[in-house]
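Hi everyone, and thanks for making time for this. Let me put the sequence and the structure up, and then we can walk through a few places together.

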Amino acid sequence: MNYFNKNCLLLLAIALWLGGCMGGAGKEAANSQPTAPNIILILADDVGWGEVGFNSETKKYTPHIDKLQAGGLSLTQFYVHAVCAPSRTALLTGRYPFRNWTDWRTEDFGKPSYLSMLGMELARNEAGEETRRIHGLPAEETTIAEALGELGYVTAIAGKWGAGEWLPEHLPLAQGFMHQYGHYAWGIDYTNYTIPHNAPARYAVYDWHRNQQPLNEQGYTTDLIANEVVRLMSEHEYTYGERPFFYYVPFNAIHGPLEAIPRYEAQYDKRYAALKCLDDAVGRIAGAVQQYGFAQNTLIIFTNDNGAIRDSMNAPYRGTKNTNYEGGVRVPCVWYWPGKIEAGSSSDALMHVTDLYPTLVSMAGGQVEQPLPIDGMDMSQVIFQGASSPRDEIIFEVSQSVRPPAIRKGGYKLIGGELYDLLADPLEQHDLAGEQPELVRRLRARLEAVGRERPPLPDMPLMSPALPWVYGQQEDAHAPPWLKQHVQAIRDRQPQEWAPGTTPWPQAPVDGKIEYKGDGR
């Protein structure tokens with residue numbers, strides 16, 4: 001298919017989407033819970049509560065996301081974790097991330113300011129190089145991709161993995177996904193697909209792959225991820241017949257570094273150009289659902305991994321990414337399925353990212369039980385029948401995490417030593433710890449009890465070489481010449497020295513608080 005015809009089809013998909021061919025359904029059509037739907041789970045990165053149009057007075061950036069919200073169900077008390085990796089592993093497993101130490105990101109074990117919180121220093125590999133310890137989602141965890149795959153689903157990830165970037169057992173194809181596209185680590189450049197490595201080198205490493213092989217292509221990653229999803233959808237029926245699909249689409253947008261985007265450079269600053277591109281991509285995926293005939297049996301979920309890097313972006317809530325204030329952990333969440341979910345509906349039912357695993361597996365007709373106990377709860381009745389949430393507690397952090405222990409119990413939230421009544425004070429302006437010491441004591445006791453369920457820190461092998469060419473141990477061992485040439489050209493332009501205590505990534509939070517500078521990378 002030539003470039004012109006391909007883009008005409010994409011424009012047609014968006015036109016169908018905007019034209020309302022996937023229009024909302026009334027309450028009478030939303031009473032029964034279906035089984036085995038196609039599922040497209042879209043996860044944005046670092047988008048603030050107040051940056052999507054339906055939570056803001058500014059509507060120009062996210063018309064496609066807003067259309068999902070207008071035609072579906074908006075969850076107004078949907079919670080994640082304070083940074084990307086814990087939210088992703090909680091989504092994948094239905095388990096609190098402290099249970100497998102993924103409340104620590106993989107890269108944290110190569111950052112001195114983070115290691116010091118555990119009384120650790122940078123390790124040295126057999127070559128004597130300072131290097132990071134290798135961390136990732138353990139192979140014994142059961143992922144949502146594995147659970148749905150056992151039910152006959154075709155499973156694919158297109159976007160940011162964020163649950164391990166080196167050993168084969170930590171990568172998507174070993175964790176239940178039949179198809180992989182995108183990057184493994186925390187935040188790549190959108191146009192050259194590299195990321196600043198650490199421990200201790202600050203130089204670029206390549207991180208763009210298809211089916212866990214380095215991929216040499218051109219384009220803006222947000223667009224490329226949408227391209228891949230649309231391509232998979234277009235080929236699905238021919239390749240897999242009537243088997244349902246599960247597409248996990250974790251965009252790296254709008255995580256830093258933010259880059260100039262020519263098609264929006266004259267209209268928006270870099271952040272909101274990135275947000276506009278993300279919205280375009282969501283519109284293309286939603287339009288392709290209609291174009292390829294999947295609209296009647298496809299659930300689209302849109303949510304975000306954590307809050308944005310400035311309080312103002314999370315307005316009206318307090319706090320940022322890497323904190324457990326509402327601005328760091330309460331995120332937009334929309335469920336869209338015309339004819340099955342009531343259009344324009346809203347629910348304040350308490351829901352946590354771990355709930356996605358049991359809810360989606362149950363919807364698909366599977367058994368939620370797995371070898372390891374899960375923390376998520378089946379929210380099918382909340383989604384399809386407007387029931388009250390069965391959840392009254394969320395554990396955000398326990399001891400030995402990066403951030404102070406934090407819990408929401410009923411309407412109260414304890415963050416370290418601070419207590420807030422979210423029902424009366426959702427903006428967390430009035431610390432009640434001094435007024436309600438007994439409640440603080442009970443919540444701390446609960447956190448201590450749950451914290452005792454954290455396993456010992458596992459043995460972690462060391463990354464060698466300390467500075468690879470590309471993420472993926474097997475890929476690095478066979479890195480092609482084009483990749484080495486591309487990466488070396490970028491390294492030659494990078495700073496060759498850094499002042500003591502300075503790095504190209506933010507330092508660890510202090511007392512549960514952090515101040516991001518620049519675009520947050």
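Here is a question to start us off: how many bridges join E7 to strand E10, and do they run parallel or antiparallel? The answer is that 2 bridges join E7 to E10 (residues 209-210), and the two strands run antiparallel.

Before going further, a word on where this comes from. This is a predicted model, in which local features need pLDDT of at least 70, side-chain atom pairs count only at pLDDT 80 or more, and totals for chains, interfaces and linings use all residues. Residues are numbered from 1 along each chain as its sequence is written, and side-chain values use heavy atoms, with hydrogens and water left out.

Now the overall picture. The chain has 13 helices and 20 strands; these are DSSP runs numbered from the N terminus, with helices (H or I) of at least four residues and strands (E) of at least two. The C-alpha trace spans about 65 × 65 × 50 Å along its principal axes. Of the 521 residues, 61% count as buried, where buried means under 20% relative accessible area, exposed over 50%, and partly exposed in between, using a 1.4 Å probe and protein chains only.

Let's go back to strand E7, residues 179-183. All of it is covered: 5 of its 5 residues are buried, so E7 is largely enclosed by the rest of the structure. On the E10 side, Gly182 has His209 as its bridge partner. Strand E6 (residues 154-160) is also joined to E7, by 5 bridges, and these two run parallel. There, Lys160 has His183 of E7 as its bridge partner. Two strands count as paired if DSSP finds at least two bridges between them.

You will find Asp45 in the loop between strand E1 (38-44) and helix H2 (63-70). Is Asp45 buried or exposed? Asp45 is buried, with a relative accessible area of 0%. Beyond its neighbours within four places in sequence, Asp45 is in contact (heavy atoms within 4.5 Å) with several residues, among them Arg88, Lys160 and Asn252. With Arg88 there is a polar contact of 3.2 Å between the side chains. A polar contact is a pair of N or O atoms within 3.5 Å; within protein, one must be able to donate a hydrogen and the other to accept it, and residues adjacent in sequence count only if both atoms are side-chain atoms.

Next, please look at Asn252, in the loop between strand E12 (245-250) and helix H7 (270-291). Asn252 counts as buried too, at 1% relative accessibility. Its side chain makes a polar contact of 3.1 Å with the side chain of Thr221. Not counting residues up to four places away in sequence, Asn252 touches Asp45 and His183, including Tyr190 among its other partners.

Four strands form an open sheet in the order E17-E18-E19-E20, with antiparallel pairing. Strand E17 (393-397) and strand E20 (418-421) stand at the edges, each with a single partner strand, so one side of each is left without a neighbour in the sheet. Strand E19 (residues 412-415) is joined to E20 by 4 bridges, and Tyr412 stands opposite Asp421 in E20.
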